[in-house]
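The exercises below are meant to be worked with the sequence and the model side by side. Try each task before reading the solution that follows.

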Amino acid sequence: MNDYSRLLACYDRPGPRYTSYPTAPVWRDDYTAEHHRERLQAAGQRHGEPLSLYVHIPYCNAMCYFCGCATVITQRHDKEQPYVDRVLAEAALTHAALVGGQESTRPIAQHHWGGGTPTFLGPERIERLFEGLRALFPLADGAEVSIEVDPRVTTQEQLATLARSGFNRISMGVQDFDPKVQHAIHRVQSFDETEAIVRGARDLGFLSVNVDLVYGLPFQSIEGFQRTLEQLHRLSPDRIACYSYAHVPWLKKHQTVIPEDALPRGADKLALYLCALQSFVEHGYEAIGMDHFAKRDDELAIAARRGALHRNFMGYTTQPAQDMIAFGMSSISEVDGAFAQNEKTLPAWEGAVDAHRLPVVRGLRRTEEDERRRSIILDLICRFGVTFADHGGAEPFRQRYATELQALEPMVQDGLLTIDPTGLRVTEVGRLFVRNLCMAFDAHLPRDADNSGPRFSRTV
Ligand code: SF4
């Protein structure tokens, strides 16, 4: 760990996660439903191009204190039907903007439900929502149809409904099996509950099972995390996401309940990640991108080796769909070079849909310069490298990004990346700090004061 202490001192600092570029804090409030409608109309003309679709189900039974998602906490299941009806109404509005009265000519290559807890919905509502969406937006052959489930509330009947409807990939949160950690984050979930869902999904023929872990949670220790990893490997998921806990209590008020002095930080937090990394490699997983691992024969690992991985708000994918339409409270669409985020509270989103308005509250249309930088950042987080030839050639790249390459020089000295005549290559150590490398190309990031204001989580 001593080897890392100096790197941590330099590079464990606040920074974006780059689930989008430009990142959400710089999106604009004057990007409206009308702007989104124009982008949808333009996207509707690109006949035959694949499209991604995301649905956000915000409801959860109880709040997990570490959570960073947009949620609505309730046990009232009479809310299911009105929510499903409004999502379908929003989908119809989007469909009308995309193709007028015609049938959509853009097949859905990736259809994903996230939350919140999508399996807050009972089997009937699951079926109704999925069928309603599929009728408007038909699936492409071989589409990825995926869902996030919470093993604490998901039944075998729901799993069977999902499989029958056409869902073929499933993802579930575990975070940590250590009871002390689970109590501290207010998410008590037994191994048996989790195993039952993994086994049920496999029996029903789901093509891929993903499990999420989180490191940096309160009271996590190496010994406890190693036990969690041993239990994880008994489940043998096809994919694992191992996220850094983003402690942002100034944005997520419920995180103030988490005792600050119980949080592993710096070298202790990195040690948890390195422990996980070693365990994944020993069990035959490959690092496919930032925080994500897959078995060697998983399609994501194969795509990563071929340099054909893509990333959007839903995570890593083999599907190259450029546009994503998203429905539900707070969801984010990415259409024709622009981001559009829906109203972030349930009443505001409901009000807009009920008034037959696309419920957009903010967004951003990317400039050509944004597109160029976005594609560099995507190369860094999907391929751990940038090939100059893919970005206009070595000399134009060096001229255009002279300042950025200069800013990367200390990272080259520190062994985080190499720069050769063909491009930039992120080293094994550099992968731990890849958000810092992306930050060098982020033209919207304030360069003053190390971004140390309360804005982003830490990069490690
Ligand atoms: S179940 Fe998931 S989305 Fe809901 S509060 Fe817990 S972590 Fe957040």
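Is Arg-374 buried or exposed? Arg-374 is buried, with a relative accessible area of 13%, where buried stands for under 20% relative accessible area, exposed for over 50% and partly exposed for the range in between, computed with a 1.4 Å probe on protein chains only.

Before going on, note that this is a predicted model, in which local features need pLDDT of at least 70 and side-chain atom pairs count only at pLDDT 80 or more, while totals for chains, interfaces and linings use all residues. Residues are numbered from 1 along each chain as its sequence is written, and side-chain values use heavy atoms, with hydrogens and water left out.

**Exercise 1. Find the salt-bridge partner of Arg-374 and state which parts of the chain the pair ties together.**

Step 1. Apply the rule for a salt bridge, namely a side-chain nitrogen of Lys or Arg within 4 Å of a carboxyl oxygen of Asp or Glu. Arg-374 meets this rule with Glu-334, and the closest N and O atoms are 2.8 Å apart.

Step 2. Because Arg-374 belongs to helix H12 (residues 368–383) and Glu-334 to strand E14 (residues 332–335), the pair ties together parts that are 40 residues apart in sequence.

**Exercise 2. Describe how domain 1 and domain 2 meet.**

Step 1. By an automatic or database domain assignment, the protein chain is divided into domain 1 (19–365) and domain 2 (368–448). The centres of the two domains, taken over C-alpha atoms, are separated by 28 Å.

Step 2. With contact taken as heavy atoms within 4.5 Å, 22 residues from domain 1 and 18 residues from domain 2 take part.

Step 3. The area buried between the domains is about 1500 Å², of which carbon and sulfur atoms give 63%; buried area is the accessible area (1.4 Å probe) that two parts lose on being put together, summed over both. Tyr-21, Met-290 and Arg-311 supply 42% of the area that domain 1 buries against domain 2, more than any other three residues. Across this interface the rule finds one salt bridge.

**Exercise 3. Locate two cis peptide bonds and two residues with positive phi.**

Step 1. Recall the background: most residues other than glycine have a negative phi, and most peptide bonds are trans.

Step 2. The peptide bond from Tyr-21 to Pro-22 is cis, with omega near -5 degrees, and Pro-22 is found in the loop between helix H1 (2–11) and helix H2 (33–44). A cis bond also joins Gly-115 and Gly-116, with omega about 20 degrees, and Gly-116 sits in the loop between strand E4 (108–115) and helix H4 (123–136).

Step 3. His-186, although not a glycine, has a positive phi of about 60 degrees; this residue is in the loop between helix H6 (179–184) and helix H7 (191–203) and is partly exposed at 38% relative accessibility. For Phe-384 phi is near 50 degrees, and this residue, in the loop between H12 and strand E17 (385–387), is buried, with a relative accessible area of 8%.

Conventions: Helix = DSSP H or I, 4+ residues; strand = E, 2+ residues; numbered from the N terminus.
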